[in-house]
Amino acid sequence: MDETETCEMTKEEMQRFLNREAEKGTGEVGALRALAEILGIRYPRLEDSDSE
């Protein structure tokens, strides 16, 4: 697979991944972050309004 091809997972593959993460004891947020990384999803960083 070259770098221009994207990684696609089916709904079932995503569920299996999340199930394995739960079996390993990974928390919900950690599992979702790992899945987002696999899928190449990047969330924008939000500036903390308290830091002004």
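## A buried residue and its partner

E21 is buried, with a relative accessible area of 9%; here buried means under 20% relative accessible area, exposed means over 50% and partly exposed is in between, using a 1.4 Å probe and protein chains only. The model is predicted, so local features need pLDDT of at least 70 and side-chain atom pairs count only at pLDDT 80 or more, while totals for chains, interfaces and linings use all residues. Residues are numbered from 1 along each chain as its sequence is written, and side-chain values use heavy atoms, leaving out hydrogens and water.

**The chain as a whole**

- The protein chain has two helices and zero strands; helices (H or I, at least four residues) and strands (E, at least two) are DSSP runs, numbered from the N terminus.
- Of its 52 residues, 10% count as buried.
- The accessible surface of the protein chain is about 5,100 Å², and 49% of that belongs to carbon and sulfur atoms; such areas come from the Shrake-Rupley method with a 1.4 Å probe, and for residues only the protein chains shown count as cover.

**E21 and K24**

- Where does E21 lie? Its place is in helix α1, which covers residues 11-24.
- Side chains of opposite charge can pair when their charged atoms come close.
- K24 forms a salt bridge with E21, and their closest N and O atoms are 3.0 Å apart; a salt bridge is a side-chain nitrogen of Lys or Arg within 4 Å of a carboxyl oxygen of Asp or Glu.
- The structure holds one salt bridge.
- Both K24 and E21 belong to helix α1, where they sit three residues apart, about one turn of the helix.
- Is K24 buried or exposed? K24 is exposed, because its relative accessible area is 63%.

**Across to the other helix**

- Leaving aside residues up to four places away in sequence, E21 touches T26 and A31; contact means heavy atoms within 4.5 Å.
- E21 and A31 are ten residues apart in sequence, and their C-alpha atoms are 6.0 Å apart in space.

**Helix α1**

- α1 has 14 residues and reaches 20 Å from its first C-alpha to its last, close to the 20 Å expected at 1.5 Å a residue; the expected span is 1.5 Å times one less than the number of residues.
- After α1 comes G25, whose phi is positive, near 90°.

**Helix α2**

- Which residues of α2 are buried? They are A31, L35 and A36.
- Seen down the axis of α2, these buried residues fall within an arc of 135°, so they line one face of the helix; the arc is that of the directions from the helix axis to the C-beta atoms.
- What covers the buried residues of α2 includes α1.
- On the face of α2 turned away from its buried side are the exposed residues V29, R33 and E37.
- α2 is followed by G40, which has a positive phi, near 80°.
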